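Biologist: Could you walk me through this chain, one question at a time? I would enjoy seeing how each answer is reached.

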Amino acid sequence: MKAEERIRRNRIRRQRQLRRRLSLFAAAVLLTLSMTGGGFIVRARDVSPDPVYKYYTSIRIEEGDSLWSIAAAYKNGSFESRQEFLQEVIQINHLLDSDIRQGDYLIIPYYSSEFRR
C-alpha cells in the first residue's frame with residue numbers, strides 16, 4: 001500500500017513538473033517571438049522625398065483680371081485642375097460668384113517645399 005501511494009505521488013509530481021516546464025517553454029517562445037517579431041513589421045514610407053507645405057498670399061486685383069487669369073498665373077502643379085484651384089479660391093474668399101472688382105484683394109493658396117515661419 002505504501003509503495004502504491006509513493007508511485008501515485010511521484011506520477012503527480014512528474015505531471016506538475018512537465019506542466020511547469022511546458023509553461024516556461026511556451027513563455028520563452030512567446031517572449032522570443034515578440035522581441036524578434038518587431039523586426040518584421042513593415043514601416044510605411046513617404047513616397048515624396050520632400051514635404052510640401054500649403055501657404056496663402058494676398059493679391060490685389062488689377063484692371064482686366066478675372067478668376068481664370070488669376071488661376072492661370074498662380075495655379076501650380078499641386079492642384080489637379082484649374083477648376084479645383086478656382087473652387088478653393090472662391091471658398092477661401094467667400095465669393096458668391098466669379099465677379100471680382102479692381103482694387104479688391106484675394107487670398108490665393110499655393111504650395112511650396114520650402115518651410116517658412
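Predicted model: local features only at pLDDT ≥ 70, side-chain atom pairs only at ≥ 80, totals over all residues.

Biologist: Let's begin with the overall layout: in what order do the elements of the chain run from the N terminus on?
Modeller: Happy to start there. The chain has 3 helices and 2 strands. Read from the N terminus on, their order is α-β-α-α-β.

Biologist: What share of the residues of the chain count as buried?
Modeller: A residue counts as buried when its relative accessible area is under 20%. The chain exposes about 10100 Å², with carbon and sulfur atoms supplying 54% of that area. Of its 117 residues, the share that counts as buried is 15%.

Biologist: Which residues of helix 3 are buried, and how wide is the arc within which they fall?
Modeller: In helix 3 the buried residues are Phe85, Leu86, Glu88 and Val89. Looking down the axis of helix 3, these buried residues line one face of the helix, because they fall within an arc of 160°.

Biologist: Which elements do those buried residues of helix 3 pack against?
Modeller: Their partners include both strands and a helix. Named one by one, the elements that the buried residues of helix 3 pack against are strand 1, helix 2 and strand 2.

Biologist: Let's turn to Trp68: is it buried, partly exposed or exposed?
Modeller: Trp68 lies in helix 2, residues 67–74. Setting aside residues up to four places away in sequence, Trp68 touches Arg82, Gln83 and Leu86. The relative accessible area of Trp68 is 46%. Buried needs under 20% and exposed over 50%, so Trp68 is partly exposed.

Biologist: What about Asn93, is it buried or exposed?
Modeller: Asn93 sits in the loop between helix 3 and strand 2. Beyond its neighbours within four places in sequence, Asn93 is in contact with Tyr105, Leu106 and Ile107. With the cut-off for burial at under 20%, a relative accessible area of 17% makes Asn93 buried.

Biologist: Which residue just after helix 3 takes a positive phi?
Modeller: The phi in question is about 55°. The residue that takes it, just after helix 3, is His94.

Biologist: Now for the rings: how many aromatic pairs are there, and what kind is the pair of Tyr53 and Tyr55?
Modeller: The count comes to 5 aromatic pairs. In the pair of Tyr53 and Tyr55, the centres are 6.5 Å apart and the planes make an angle of 45°. Planes under 30 degrees apart would be stacked and over 60 edge-to-face, so this pair is tilted.

Biologist: And what kind of pair do Tyr53 and Phe115 make?
Modeller: Tyr53 belongs to strand 1 and Phe115 to the segment after strand 2, so the pair links parts of the chain 62 residues apart. Their ring centres are 5.1 Å apart, with the planes at 65°. An angle over 60 degrees is the cut-off that applies, so the pair is edge-to-face.

Biologist: One last thing: which residue has its charged end over the ring of Tyr55?
Modeller: Tyr55 is in one aromatic cluster with Tyr53, Tyr110 and Phe115. At 14% relative accessibility, Tyr55 counts as buried. The charged end over its ring, 5.5 Å from the centre, is that of Arg116.

Note on methods:
Residues numbered from 1 in each chain as written. Heavy atoms only, no water. Helix = DSSP H or I, 4+ residues; strand = E, 2+ residues; numbered from the N terminus. Buried < 20%, exposed > 50% of the residue type's maximum accessible area, 1.4 Å probe, protein only. Contact = heavy atoms within 4.5 Å. Areas by Shrake-Rupley, 256 points an atom, 1.4 Å probe, with all protein chains shown as cover. Phe/Tyr/Trp six-rings, centres within 6.5 Å; stacked < 30°, edge-to-face > 60°. Lys NZ or Arg CZ within 6 Å of the ring centre and 35° of its normal. Arc of directions from axis to C-beta.
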